[in-house]
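Let's take a walk through this protein together.

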Amino acid sequence: MNHPILVAASDIRSLLKGVAGTNPTFMSTSEKAAALRELVAAEAQLVELRLRVLADAGDLADATGAKDAAGWLAHQTRARYADARADLALAGALDRERPVLAVGMREGAVTLAQAHVIRRALDALPVAVDADTVDRAEAHLVACAAEFGPKELGRIGRRVLDVVAPEIAEAAEAARLADLEARAADKTRMTMRRQGDGTTRISALVPDAVATRLATYLEAFANPRAPHEKTGGDGDPFTRLPYPRRMGEAFARFLEAADPTRLPVHGGDATTVVVTIPLASLRAELATADLIGAGLVPGDDLTGDRITASQARRLACTAKILPTVLDGTSLPVDLGRAKRLFTPAQRKALLIRDRTCRAEGCDTPGTWCDAHHLDPWHTGGPTDLDNAILLCPHHHHRAHDTGYRTDRLPNGDLRFHRRT
């Protein structure tokens, strides 16, 4: 005689075959609604039955030489191994630890996605929480599954102790966060590697709080418009860029804005990036410069710490780097300049005078702009207000791009033209 579970599985497939050719087009809206609700509930019941069998299928893995039941299932059913592993973990929890959750699925009240979220939320409770409190948390989350989806259940699960055990919730949450922070500190990593195409891949695993701070800082650079502006981004090429590209540009801008005088002393001096460039190259349209920083980035040796002369000229305007101009024998003839960068007082005066980027048609607020030398610094242009103008990062790059020329308009704005 066949096992009842095999009989049920066979009956279910037979019933489904009976409606395989049935077209739902002629169902009323109320019938479709009822059918969808019933099918979702039936699916949850069927999944619970599958998980119940999976939890007891360790002997099947032994008999076939599979690593575990998940490995056997993934191979035999062409499922993703990661999904099979997650289902096996849930199956074990339902079988040994989560009877209320198992009943919820068995009755069709909890879907597979909801069950995974509830299990993770309960597993995330601090080990100091007693079993009775965990049981009450399980019952509460299963009850909430009748009203909330997986995303909302996740939020409820993070604060479930506030409901079922408010007297210990704060202390338990503090202990959980302390544990997370300690583990995050242990996992913190950052690597850099040259790609060989002029880019370097930066990979980092950092604590959530660090990521939040970085995202907040980069958002400021990626969305530079004043809050009251209603022009959107339609007229600004930067705001039309894909968001990941804007965040990458913002990261570069953030590093340029960092003040090296506030960084730790390294090698006997404040941390400094030096740009070395021959005097003739500095004045040429197409030339290169070398960056000298602390340490080397591994990877492809065909690219690395070289930039164009136009980039060097732009960085000399505003970035806190040390430009070193070399003579014909490669000896420094100008190691920085006392008045290369505009002072904070000059920056405030420029902000009062210019208010916004002075490129024609650009309204990026002056607080997000660079102070640009109209008469270039590298040709002896003075660092004073008469020789200064505010430009947003986009237009500051363009001002030093040899593919463009500028005209000064009667109102003092700059108009850019692509060179032909």
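Which backbone oxygen does the side chain of N387 reach? Before the answer, a word on what you're looking at. This is a predicted model, with residues numbered from 1 along each chain as its sequence is written. Local features need pLDDT of at least 70 and side-chain atom pairs count only at pLDDT 80 or more, while totals for chains, interfaces and linings use all residues, and side-chain values use heavy atoms, with hydrogens and water left out.

Now back to N387: its side chain reaches the backbone oxygen of P382, at 2.8 Å. You'll find N387 in the loop between strand 10 and strand 11 (388-391). Helices (H or I, at least four residues) and strands (E, at least two) are DSSP runs here, numbered from the N terminus. Is N387 buried or exposed? At 7% relative accessibility, N387 counts as buried; buried means under 20% relative accessible area, exposed over 50%, and partly exposed in between, with a 1.4 Å probe and protein chains only. Setting aside residues up to four places away in sequence, N387 touches H372, H373, L374, D375, G381 and P382, where a contact means heavy atoms within 4.5 Å.

Let's zoom out for a moment. The protein has 17 helices and 13 strands, and 33% of its 420 residues are buried. Of the contacts with a separation of 6 or more, 53% are between residues 24 or more positions apart.

So what sits inside? The largest nonpolar core has 37 residues, and L51, L101, V110, I118 and L161 have the most contacts inside it. A nonpolar core is a set of buried Ala, Val, Leu, Ile, Met, Phe, Trp, Tyr and Cys residues joined through side-chain atoms within 4.5 Å. Several helices each supply at least two residues of this core, including helix 2 (29-55), helix 5 (81-96) and helix 11 (166-187). Pick out L101 and you'll see it in contact with L90, L94, V110, A115, I118, R119, E138 and V142, leaving aside its neighbours within four places in sequence. Another core, of 15 residues, lies apart from the largest one; among its members are I389, L390, L414 and F416.

After helix 4 comes R78, whose phi is positive, near 60 degrees. R78 lies in the loop between helix 4 and helix 5 and is exposed, with a relative accessible area of 72%.

R355 also has a positive phi, near 70 degrees, in a residue other than glycine. Look for R355 in the loop between helix 16 (344-354) and strand 10 (370-373); at 58% relative accessibility, it counts as exposed.

Finally, the surface. I12, L16, V19 and L46 form a nonpolar patch there, with about 330 Å² of accessible area together. L16 is found in helix 1 (residues 4-18) and is exposed, with a relative accessible area of 51%.

Conventions
Patch = residues over 30% accessible without salt bridge, like charges linked within 9 Å, V, L, I, M, F, W, Y side chains within 5 Å. Areas by Shrake-Rupley, 256 points an atom, 1.4 Å probe, with all protein chains shown as cover. Salt bridge = Lys/Arg side-chain N within 4 Å of Asp/Glu carboxyl O. Polar contact = N/O pair within 3.5 Å; in protein donor to acceptor, adjacent residues only side chain to side chain.
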